[in-house]
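Please consult the sequence and structure while reading.

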Amino acid sequence: VLFRSTTLVAIIGFALFLTSKSFGQKYTALCFLITGVYSSAPSMISWIPNNSASHTRRATAVALGFIMTNAGGILSTWIYPKKDAPHYAFAAKLNLSFCVVTAVLLAANLVWLKSLNGKKVSHREHLLKDVAHLPLEEQREALGDHHPDYKYTL
């Protein structure tokens, strides 16, 4: 829930920035932007490991999250050229579109995770068929986040 709301705050900030005419409005947009953008990464970095089981899978997921976050930082050095100052319309539109896509993908991911949680309840025997003979800890080790007792964080 936190990750979705921080993305929505960033969307408000970019939309305000694009429509603002005065420095006061731009400053207000900046406050929304900073709050939304800078709080999204920590939210994501806590959500990803909560939905990944086994140490290798969790470490890989966190690393990929950091790669995506840093790729955005690299991209931002190229989309704010001096010639676009002080409005930076292209960069604001691009960032706004990235935030909207993020919000849509977050909503889709939440629906998907909820569906997976439901399938774990309804298909428990099928999921455990190959590891039913093992003790619970070994089942969890073998199946990771696919184990029926593992609930994805929404």
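**Backbone, core and surface of a predicted model**

Q: In the predicted model, where is Pro-86 found, and which residue does a cis peptide bond join to Pro-86?
A: Pro-86 is found in the loop between α3 (55–76) and α4 (89–122). Most peptide bonds are trans. Here omega is about 0°, and the residue joined to Pro-86 by the cis bond is Ala-85.

Q: What is the phi of Tyr-88, a residue in the loop between α3 and α4?
A: Most residues other than glycine have a negative phi. Tyr-88, in the loop between α3 and α4, is partly exposed because its relative accessibility is 21%. Its phi is positive, near 45°.

Q: Where does Ser-54 lie, and what is its phi?
A: Ser-54 is placed in the loop between α2 (23–50) and α3. With a relative accessible area of 32%, Ser-54 is partly exposed. Its phi is positive although the residue is not glycine, with a value near 80°.

Q: Is Asp-145 buried or exposed, and which residues does it touch beyond four places away in sequence?
A: Asp-145 lies in the segment after α6 (136–143). Its relative accessibility is 1%, so it counts as buried. Leaving out residues up to four places away in sequence, its contacts are Asn-51, Ser-52, Ala-53, Arg-57, Lys-120, Tyr-150 and Tyr-152.

Q: How many disulfides are counted?
A: A disulfide requires cysteine sulfur atoms within 2.5 Å. The closest cysteine sulfur to that of Cys-31 belongs to Cys-99 and is 16 Å away, too far for a bond. Cys-31 is partly exposed at 38% relative accessibility, whereas Cys-99 is buried at 12%. The count of disulfides is zero.

Q: Which residues form the largest nonpolar core, and which element gives the largest share of this core?
A: In soluble globular proteins, nonpolar side chains tend to be buried together. The largest nonpolar core here has seven residues: Trp-47, Ala-53, Leu-106, Leu-110, Leu-113, Tyr-150 and Tyr-152. The largest share, three residues, comes from α4.

Q: How many residues does the second, separate core have?
A: Among the members of this second core are Ala-10, Phe-14, Leu-33 and Cys-99. Cys-99 has a relative accessible area of 12% and is therefore buried. The number of residues in this separate core is six.

Q: What accessible area does the nonpolar surface patch containing Ile-34 have?
A: Ile-34 lies in helix α2 and is partly exposed, with a relative accessible area of 41%. Tyr-27, Leu-30, Val-37 and Tyr-38 form the patch with Ile-34. Together these residues have an accessible area of about 540 Å².

Q: What is the N to O distance in the salt bridge of Arg-124 and Asp-149?
A: Side chains of opposite charge can pair when their charged atoms come close. Arg-124 is partly exposed at 30%, as is Asp-149 at 33%. The N to O distance is 2.8 Å.

Q: Which residues do salt bridges with shared partners join into one network?
A: Glu-137 and Arg-140 form a salt bridge at 3.6 Å, N to O; these residues are three apart in helix α6, so about one helical turn separates them. Arg-140 also pairs with Asp-149, the closest N and O atoms being 3.5 Å apart. The network joins Arg-124, Glu-137, Arg-140 and Asp-149.

Key
Residues numbered from 1 in each chain as written. Predicted model: local features only at pLDDT ≥ 70, side-chain atom pairs only at ≥ 80, totals over all residues. Heavy atoms only, no water. Helix = DSSP H or I, 4+ residues; strand = E, 2+ residues; numbered from the N terminus. Buried < 20%, exposed > 50% of the residue type's maximum accessible area, 1.4 Å probe, protein only. Contact = heavy atoms within 4.5 Å. Core = buried A, V, L, I, M, F, W, Y, C linked by side-chain atoms within 4.5 Å. Patch = residues over 30% accessible without salt bridge, like charges linked within 9 Å, V, L, I, M, F, W, Y side chains within 5 Å. Areas by Shrake-Rupley, 256 points an atom, 1.4 Å probe, with all protein chains shown as cover. Salt bridge = Lys/Arg side-chain N within 4 Å of Asp/Glu carboxyl O.
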